[in-house]
Amino acid sequence: MKSLLDPLLSGLSLIFLLAIRIRLYLYQVGLIKSERLPGKTWSIGNISVGGTGKSPITISLAQMLVSSGYRPAILTRGYGSPIASRDSMVLLAGKVITAAISTSTIPDEARMQSAKLPTVPVIAGPDRVAAAKNFLQNHPQYQPTHWLLDDGYQHLKLERDLNLVLLDARTPFPAIMPLGRAREPARNLDRANLIVFTRSDEHSPSEEEIHRVSSFTMAGTPVLKTRMRTSPPILSVDGNVNFELSFHSPTALVSGIADPKQLLEAVKAMQIEIGGHLSLGDHEPIPRDALHKFLSDKRSLLTTAKDYWRDPEFFGSLSVPVFILDLEVSWDQINLRETLREYI
């Protein structure tokens, strides 16, 4: 089936790449103008489709800014929610405080970010300039010092001070992605002010790969590396149950992420017995009936933070304890702060 889809994906990718190139040219020659928001704007994005860790990196940068006394706000597209082009919603401490549309379906990534960052407004809407302006008008008490544009490298409508691009260290460069997964060609890395390799280890990326990346960027563009680790389950989502390896096995694993294989390997490395894995599409609604049947012979359920926030009410109603497998980001904080100093 994959071989039959490849020509279609390649054709669609070529059309998308051509549209990106035309749109970029129109911005470069000034036929389309970018708009500026008050304060600093940092874009966190990539040149491939999904799977590079944009949300965890965005959360990590927001935490760094908060710890330094700044007031960041996150601007996100709101994937997985039927938000119309001019609509938006604002979440604070995991709850919707302003919505121009029905909140029956709240974007999962926005919920996750808001739950992790209780003092940081998370603003979801396809037109992120309009969403930010609506936020400033409706919540004048918040005056963000920094706007974090989640998945923003192609969102050229908003002018930014920092263009941060993520690359997966496990994928050899410049063969970053098959054609069907390309958003932009590697040469478009020349718009980046900072390259960050995610999921790095002692072997990846190699010095040769870092050199290849640098050859596509402007001279002097820094390249940083981060590690990402799936943390073991500790406490259930309701806060009532501590995870015990012998008592809570076999467990059900539920995920809808770009690389489920890596998650499976991480859980197996924890020596947790997986009784079954329910793999979902990105932003796919939780199949409630199927999940109830899936849990019939399981003692617990493990899922990612993003997947949990698709439907937290439903997860909270299950007959077995639910545990979140958090993705922890670690990098050289001194090196990061030094690199970002001119953009703060």
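Which residues are buried in helix 4?

1. **Basis of the model.** This is a predicted model: local features need pLDDT of at least 70, side-chain atom pairs count only at pLDDT 80 or more, and totals for chains, interfaces and linings use all residues. Residues are numbered from 1 along each chain as its sequence is written, and side-chain values use heavy atoms, with hydrogens and water left out.

2. **Confidence.** pLDDT is the predictor's confidence in each residue, from 0 to 100. Its mean for the protein is 86, and 87% of the residues reach 70 or more. Among the elements, helix 1 (residues 2-28) has the lowest mean pLDDT, 63. Strand 6 has the highest, 97.

3. **Overall make-up.** The protein has ten helices and 15 strands. Both are DSSP runs, numbered from the N terminus: helices are H or I with at least four residues, strands are E with at least two. Of the 344 residues, 49% are buried. Buried means under 20% relative accessible area, exposed over 50%, and partly exposed in between (1.4 Å probe, protein chains only). Contact means heavy atoms within 4.5 Å. Among contacts between residues at least 6 apart in sequence, 76% join residues at least 24 apart.

4. Nine strands form an open sheet with mixed pairing, in the order 4-3-5-2-6-1-7-8-9. Two strands pair if DSSP finds at least two bridges between them. Strand 4 (95-99) and strand 9 (223-225) stand at the edges with a single partner strand each, so one side of each has no neighbour in the sheet. From one strand to the next, the twist averages 25 degrees. Inside the sheet, strand 2 (residues 72-76) and strand 5 (residues 122-124) run parallel and are joined by three bridges. There, isoleucine 74 stands opposite valine 122 of strand 5.

5. **Helix 4 on this sheet.** Helix 4 (residues 128-138) lies across strand 2, strand 3 (89-92), strand 4, strand 5 and strand 6 (146-150). Helix 4 runs at about 145 degrees to strand 6. Axes here are lines fitted to C-alpha atoms, for helices over the stretch in contact, and angles run from 0 to 180 degrees between N-to-C directions.

6. **What helix 4 buries.** To settle the opening question: Arg128, Val129, Ala130, Ala131, Ala132 and Phe135 are buried in helix 4. Their cover includes strand 2, strand 3, strand 5 and strand 6.

7. **Helix 3.** Helix 3 (residues 108-116) is mostly covered, with seven of its nine residues buried. The buried residues are Asp108, Glu109, Ala110, Arg111, Met112, Gln113 and Ser114.

8. Four strands form an open sheet with parallel pairing, in the order 12-11-13-14. Strand 12 and strand 14 (322-325) are the edge strands, and each pairs on one side only. Neighbouring strands are turned by 25 degrees against each other on average, direction ignored. Helix 6 packs on this sheet and touches strand 11, strand 12, strand 13 and strand 14. The direction of helix 6 makes about 160 degrees with that of strand 12.

9. **Strand 11.** How many residues of strand 11 (residues 251-255) are buried? Five of its five. Thr251, Leu253 and Ser255 are on one side, Ala252 and Val254 on the other. Strand 11 pairs with strand 12 (residues 274-279) in the parallel sense over five bridges. Serine 279 in strand 12 is the bridge partner of serine 255. The chain crosses from strand 11 through helix 6 (residues 260-269) to strand 12, and this β-α-β crossover is right-handed. That is, with the strands pointing away from the viewer, the path from the first strand over the helix to the second runs clockwise. Four bridges join strand 11 to strand 13 (residues 300-304), also in parallel. Valine 254 stands opposite threonine 303 in strand 13.

10. **Nonpolar cores.** A nonpolar core is a set of buried Ala, Val, Leu, Ile, Met, Phe, Trp, Tyr and Cys residues joined through side-chain atoms within 4.5 Å. The largest has 48 residues, and Trp42, Leu61, Leu291 and Leu301 have the most contacts inside it. Helix 2 (residues 54-67) gives the most to this core, with six residues. Apart from it lies another core of twelve residues, among them Leu37, Leu75, Val129 and Ala132.
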